[in-house]
Each structure stands twice: as C-alpha cells, then as structure tokens.
Amino acid sequence: MSRTRRGAGTTTAPAVVETAAARAPRRRRLVGSPLAWAALCLALAVPWALAGQAMELIPYLLMLVGGWLCGFSFVNATLRMTPKRRGVVVHVIGAVASAALVVSAVEYGGPLVATAPEWARISLVIVQFAAIPAAGWIWLGLIGRVSAAVGTSKAQPAPTAPEWVRAEHGHGSEVRFSAVPIAMRTLTTAIVVIVVVMGGLAGLALVAAGDLVYALGARLTIIVIGVVFALPAYFAFLTVVRRRTVSCTIGFGNDRLWLRTGPTTTIVAFRDLEQLVWRRSSDAARVEVRGAGIDVSLVTGMAKPATGTTAELPALPRRVLGRLQDEGFTLERARRGEVLTFRRAG
C-alpha cells in the first residue's frame with residue numbers, strides 16, 4: 001500500500017508543477033499584451049461614461065491610450081504577417097476601415113447616442129473617442145510603409161534581413177545589425193506619454209476652437225488634428241529614437257555569447273545567462289540579454305537600418321536553440337512563434 005501511495009505522489013507532483021509552469025507564461029503574455037492593457041484602459045473609463053462625464057480629463061486620456069494601444073497592436077500584427085504583401089493588404093484595409101469608423105462615429109454617433117439604450121450609448125461614446133488615436137496610428141504606420149517603399153530605388157536590390165556569418169575568431173556564428181539601446185518598457189512609456197500629451201493638447205485645441213471646429217466639419221477636423229498634432233509628434237519621436245542607432249553584433253559560441261555595441265564588447269557565459277529574448281520583426285524587433293550583472297536591450301525595429309538591410313533580425317540558428325536548451329534553458333514562444341524567450345530553468 002505504501003509503495004502505491006509513493007507512486008501516486010510521484011506522478012501527481014510533476015503534474016502540479018507543470019500546470020503552474022504553464023500558467024506563468026500565460027500571465028506574462030497577458031501582462032505584455034497591448035490589447036489587454038487597451039481593454040483595461042477602456043474598462044476604467046466606463047464609470048465616468050455611466051456618470052455622463054466621459055469628457056473629464058482622466059477618462060478622456062484613458063480612452064485615448066486604449067485606442068492607441070488597439071491601433072499599435074493592429075499595425076504590429078500586419079508587420080508580422082507573411083508574405084509581406086498580405087500584411088500590406090490587411091494594413092490598407094484596416095486603414096480604410098478605421099477611417100470609415102471614425103467618420104461614421106463622428107457623423108452619426110450623436111443621433112445614435114441620443115436614442116440608444118444605456119449600454120449601447122456608453123459603448124458608442126467610448127468607441128468614438130478611442131477610434132481616433134487607433135485610426136491615427138494605423139494611418140501613420142501605413143504612411144511609414146509607403147515612405148519606405150518610395151524611398152527604395154528600383155535600380156537597387158530590395159533590402160534583406162541581416163545574415164549570420166562565421167565569427168571572426170572562427171568559433172561560432174554572429175550577425176551584425178543596427179539597433180537602438182533602449183529598454184522596451186522605456187520605449188512604451190515614452191510612446192504612451194506622447195499620446196497622452198498630444199491627445200490632451202488636441203482636446204484643449206478642440207475646446208478652444210469650438211466655432212472653427214463646427215465650421216470645418218468632422219472630416220476636416222480629423223485631418224487637421226492628424227496634420228497638426230499626430231504626424232509631427234510621430235516623426236519627431238522617430239527622429240529622436242533613430243539618432244541613437246548604433247552598429248551592433250551578437251554572436252553565439254559553444255558556451256558563451258558576445259555582444260558588441262559600438263566599440264564596447266561584452267561576453268556572457270551561458271552559465272551566467274539568466275534570460276534571452278529574441279524577436280525578429282515588427283517595431284518591437286529586439287534582442288534582450290540579462291545575467292551576470294548585464295541587462296541589455298537592443299531594439300532593431302525602430303533603428304535606422306544599414307544600407308541594404310531591413311530593420312529586423314534573422315532567425316536564431318537551430319544549433320543555438322539546441323545549445324541553449326542543453327544548457328538548461330526553457331524556451332517560450334509567443335506571438336505565433338515570433339518572440340522567443342529563453343529562461344534559466346528552476
């Protein structure tokens with residue numbers, strides 16, 4: 001009987017551990033999901049909308065940030081699509097649909113709000129305010145894509161992703177790329193602050209120019225907001241970030257990795273490595289290395305790429321994947337396998 005109980009206990013414990021381990025990555029993905037934060041922001045605005053105070057500063061900013069996060073998620077989703085042509089088509093459809101939604105919400109939202117039930121009225125109010133920053137970011141992303149396409153000469157070959165090459169010392173492989181040394185948390189915070197500040201300024205401008213807004217009409221007012229507030233803020237932010245672009249190299253050997261950012265080289269043995277994040281494409285393409293007193297985040301997606309290359313990373317070689325897992329790292333895949341996260345097991 002005791003042998004049976006010991007056997008049962010041995011089979012139950014790993015199942016509990018495995019379930020807990022499976023829940024942890026899901027929690028981390030939820031915390032890191034822009035759509036989850038968008039839902040939270042919009043849900044927090046509901047009490048003010050119920051009280052008829054949706055235009056107060058706090059709910060107004062919550063709806064702006066929530067809408068921007070929705071647009072941000074959509075643009076990144078199109079950038080991850082393969083082939084790229086499909087992503088461009090979906091992006092164009094989304095841009096047209098978002099513009100139609102904004103115009104419809106502004107033109108026909110008033111009568112609908114006046115006659116709709118309370119739950120529908122609240123939903124329409126939130127959609128009206130959240131749709132503008134969402135549509136703005138989707139259109140800004142599309143403008144960036146068009147600008148990049150127009151800026152590429154037909155006489156030149158299309159840019160390609162950086163490629164792995166044999167390391168100079170002959171042990172392992174490495175890849176050279178351009179990146180901005182900045183933590184994703186810092187980058188996201190900066191974007192949110194810009195959205196909040198520019199949204200607040202746009203709101204104050206609309207209140208101050210009430211008669212002018214009425215004279216211009218809803219469609220022209222939206223265009224003016226984009227030209228006067230959104231576009232300058234976006235391009236100014238992108239210019240500031242890209243000025244910090246540096247030439248980088250990351251390489252992997254049998255028992256270590258090395259990072260070169262400009263003139264500085266850092267070597268991290270696998271036994272001292274705690275976490276490695278590898279994301280190939282989108283604005284959030286990056287590599288993060290943590291461990292042994294090092295905490296480096298190199299964002300390639302918003303960097304100015306070197307001539308002939310794209311602002312992304314190549315896929316990790318299978319040899320590196322196998323070596324890291326042999327060293328005791330667990331591999332988590334997110335965003336349909338786009339984001340690889342290696343963490344020290346145990």
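Are F72 and W137 buried or exposed? Both residues are buried. The sections below place them in the predicted model.

## Confidence

This is a predicted model. The protein chain has a mean pLDDT of 78. Of its residues, 76% reach 70 or more.

Residues 1-22 stand apart from that picture. Their pLDDT stays under 50. The model gives this stretch zero contacts beyond four places in sequence. Where pLDDT is low, predicted coordinates should not be read in detail.

## The core between the domains

The largest nonpolar core holds 34 residues. W68, W137, L187, I191, F237, V241 and M302 have the most contacts inside it. Several helices build this core: α2 (34-50), α3 (57-80), α5 (118-151), α6 (184-208) and α8 (218-242) each supply at least two residues. Domain 1 (32-148) and domain 2 (164-344) both contribute residues, so the core lies between them.

I191 shows how the parts meet. Leaving aside neighbours within four places in sequence, I191 is in contact with W68 and F237. Another core, of 25 residues, lies apart from the largest one. Among its members are V175, C248, F252 and L273. In soluble globular proteins, nonpolar side chains tend to be buried together.

## Aromatic pairs

The whole structure contains six aromatic pairs. One of them joins F72 and W137. This pair is tilted, with 6.3 Å centre to centre and 50° between the planes. F72 sits in helix α3 and W137 in helix α5, 65 residues apart, so the pair links distant parts of the chain.

W164 and W278 form a stacked pair. Why does W278 count as buried? Because its relative accessibility is 1%, and buried means under 20%.

Strand β10 spans residues 339-344. The strand is mostly covered: five of its six residues are buried.

Which strands are joined to β10 by bridges? One is β6 (residues 275-279), antiparallel to β10 and joined to it by five bridges. Here Q275 has R343 as its bridge partner in β10. Another is β9 (residues 329-334), also antiparallel, with six bridges to β10. F329 has R344 as its bridge partner in β10.

Conventions:
Residues numbered from 1 in each chain as written. Predicted model: local features only at pLDDT ≥ 70, side-chain atom pairs only at ≥ 80, totals over all residues. Heavy atoms only, no water. Core = buried A, V, L, I, M, F, W, Y, C linked by side-chain atoms within 4.5 Å. Buried < 20%, exposed > 50% of the residue type's maximum accessible area, 1.4 Å probe, protein only. Helix = DSSP H or I, 4+ residues; strand = E, 2+ residues; numbered from the N terminus. Domains from an automatic or database assignment. Contact = heavy atoms within 4.5 Å. Pairing = 2+ DSSP bridges. pLDDT = per-residue confidence, 0-100. Phe/Tyr/Trp six-rings, centres within 6.5 Å; stacked < 30°, edge-to-face > 60°.
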